[in-house]
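The following questions and answers examine how terms are applied to a protein structure. Please consult the sequence and the structure as you read.

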Amino acid sequence: MQSLPMSTGRVEIQIPGHFSQLLWPEHTYGLLSIVMTPGRRTRTIRIYCADCGCLLYKYQKGGPGRLVKCFKDRIVKDFTAGDLRCPDCGQEFARETMVYRRPANKIIQGKVTVRG
Ligand SMILES: [Zn+2]
């Protein structure tokens, strides 16, 4: 990763690449990317059980790429009992973890389908 000169209009921030990974929580990146590219980096998606198609979460996804984890504070609506299992068929679809000191649910690949 190279240095990232960032301009939000009021402040200019220069971060060496490896420090930016270690010291910057992901939501800061998310906020910055919202400021810099309005409307392009977050979207609300729906997460379904891959087995039975039951709706599990409405989730505010930031950044490109496939869904790897769900930050709990970005879950817009939780249709589960909060036990990381499908309320319908009981399949476990995620594991609790911490990412950048924020509680998150790490998605078990293949257990969910995502529609945005
Ligand atoms: Zn299910």
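Helices (H or I, at least four residues) and strands (E, at least two) are DSSP runs, numbered from the N terminus. Residues are numbered from 1 along each chain as its sequence is written. This is a predicted model, in which local features need pLDDT of at least 70, side-chain atom pairs count only at pLDDT 80 or more, and totals for chains, interfaces and linings use all residues.

Q: Where does Arg101 lie?
A: Arg101 lies in the loop between strand 7 and strand 8. Tyr100 is found in that loop as well.

Q: Why does Arg101 count as exposed?
A: A residue is buried if 20 or more other C-beta atoms (placed from the backbone) lie within 10 Å of its own, exposed if 12 or fewer, and partly exposed in between. Arg101 has 6 C-beta neighbours inside 10 Å, and therefore counts as exposed.

Q: Why is Tyr100 called partly exposed?
A: Tyr100 has 15 other C-beta atoms within 10 Å, so it is partly exposed.

Q: How many bridges join strand 3 to strand 9?
A: Strand 3 (residues 42-49) and strand 9 run antiparallel and are joined by 4 bridges. Arg46 stands opposite Arg115 in strand 9.

Q: What makes strand 6 and strand 9 edge strands?
A: An open sheet of 4 strands has the order 6-4-3-9, with antiparallel pairing. Strand 6 (75-78) and strand 9 (112-115) each pair on one side only.

Q: What makes up the largest nonpolar core?
A: A nonpolar core is a set of buried Ala, Val, Leu, Ile, Met, Phe, Trp, Tyr and Cys residues joined through C-beta atoms within 7 Å. The largest nonpolar core has 12 residues, including Ile47, Leu56, Tyr57, Phe93 and Val112. Strand 4 gives the most to this core, with 3 residues.

How values were computed:
Pairing = 2+ DSSP bridges.
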